[in-house]
Amino acid sequence: MKKLLYITLIAFGIGLFASSCYDDDSTLDVNAIPDITLDTTGVATLTVYQFENLKVIPELDHQGLSESELEYEWKINLEPNDTIYEVVGNERDLDFLVEFKPNLSGNFHQLVYTVTNTRTNLDHIFAWPVKVLNNIGEGLVVAHTEDGATTDISHIMSPSVTPDYEDVSVKHNVYSAINGSTIPGITKQMRYTKLGRDDVMFGITETSIYTINTLDYTIGGSNGDLFYAERSNYEPQALGGVNQGDLYLANGTITSTYLGASTKIGLPFDSDFTAPDIIAANGVSNPIVVISFYDEVNGQFVYQPSVTPFGDNTMYATPNSPSGAFDPTTQPGYVNLAAGVSTTGEFMHLLKNNGTGEVALFTFDEGVSGFPTPEAPKPIAKFDLTGAPGIDEAENFAFLDDQKVMYYATSTKVYAVLYGTATPTIEERYTVPSGETITTLQVYRQADYPVRFSGEYMPLNNKALIMSTFDDTTGRVYLLPYINTGIGNIDTPNIEIFSGFGKITAIATQL
């Protein structure tokens, strides 16, 4: 795909029309009427990718008329086959950013070019069908706010996050350009998935859940549109995903629906436990235990073996293990900070005790396979991280799933916690430029990780952090590759930065 579409109109006679109106009051043939022609033949339809520039450079022959005697107007209809047009240029050549939705099959916009001979007020009109192609492929989807009350969506494509792509394309404010307005509320999380046969991006605010169709970035549905049964309120806690299961957390409950085979979200699991905003969900195929979380109400850990109708989808309190490093049944007073799952099925829970201020990382094994219910995950270790620099103020955390490394971010620094030994090591990894504040932090993982059915992942998949910052004016997205297994150093020379956003509140990957 090219960033700009340059079209020189030569020998092009299909799909054009010319009209003129002129009263010749002379009775002699000595007053020749200057004429304007466009050298045209060759291409019946102009094509341009959405959010890229359509550049048209007409080859005009104005037969003795000077440029000062000519006026130009370019206009295009706002919808295919519509009669309402918008003027998009008044220069001889056209350079126009196209923000229209990609065209459906057989539907085209019409571009009209009018050249006026000011000596005679004679208009020469030429028109072409314009096909708008989808230009929003695999990459990073960025939710940001300009006003602190609503959300707009932008999109990043680059060779690091987009397969078979050699350019860098940052499309700002895609959502508002397409839909004519921003999204009410501040988006706190997004997730790409299938909804039936459609590719969609789910997003949640404090009071809503919505979908965006990633083909053209039009709004899909929101709140009640997305559920089989109407909910009493829409106050989402989190989104998640496991193999053949899309998770929705709200009102202390967990719902799992395989949206690849469904078009709406089903009912939540019936449980006596209250699910927090943060859970650990194992996305690999057929794990022993799918879900583990810390129950803030009862001060204990909970696990759920399966999320499928044919598996054991009951929630159980994780029992104490005599040989365990801690008692998972009696850990009161904590709140969840972060959670994760390793590639070997181990669960990690980072908690903070509101009473004592203690920050601790609790780890469990994957459990033991058994029918009909597996044995519960057993406690492996508890790491005291209370003295880690700035961790008591940190709000953004990221677990690596193939290394015993956890990152956390203060307002200006990123630290790595190395917990592969009995005593964890905490080391600074990155400091943002002066004036910038970190707003989000996560591991770069392609949208179908960890279950891909064909093809290979990008080289940076699961090998880079995505971080965003804000300096009270501009939001930036950082792609931070990490190196040195088990250490997590940042590959500073290969950092990529994308700018021009509002305050970034969430980032997701899209296929």
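How many cavities of 30 Å³ or more does the structure hold? It holds one. This is a predicted model, where local features need pLDDT of at least 70 and side-chain atom pairs count only at pLDDT 80 or more, while totals for chains, interfaces and linings use all residues. Residues are numbered from 1 along each chain as its sequence is written, and side-chain values use heavy atoms, with hydrogens and water left out.

**View 1. The largest cavity, about 70 Å³ in volume.** A cavity here is a set of points on a 1 Å grid over the protein atoms alone where a 1.4 Å probe fits but cannot get out, and lining residues have an atom within 4 Å of a point. Among the residues lining the largest cavity are R191, F202, D246 and Y248. β15 (189-195), β19 (236-242) and β20 (245-250) each give two or more residues to this lining, and β20 gives the largest share, three residues. (Strands are DSSP runs of E, at least two residues, numbered from the N terminus.)

**View 2. The second largest pocket, about 460 Å³ in volume.** A pocket is an open set with protein on both sides within 12 Å along at least five of seven lines. This one is lined by 21 residues, with N286, P287, P305, S306 and T308 nearest its centre.

**View 3. An open sheet of four strands, in the order β26-β27-β28-β29.** The pairing is antiparallel; two strands pair if DSSP finds at least two bridges between them. β26 (334-341) and β29 (379-384) are at the edges with a single partner strand each, so one side of each has no neighbour in the sheet.

**View 4. Strands β27 (residues 347-353) and β28 (residues 359-364), paired over six bridges.** L351 has A360 in β28 as its bridge partner.

Definitions and conventions
Grid points are joined across faces, edges and corners, and a volume is the space filled by probe spheres set on the points.
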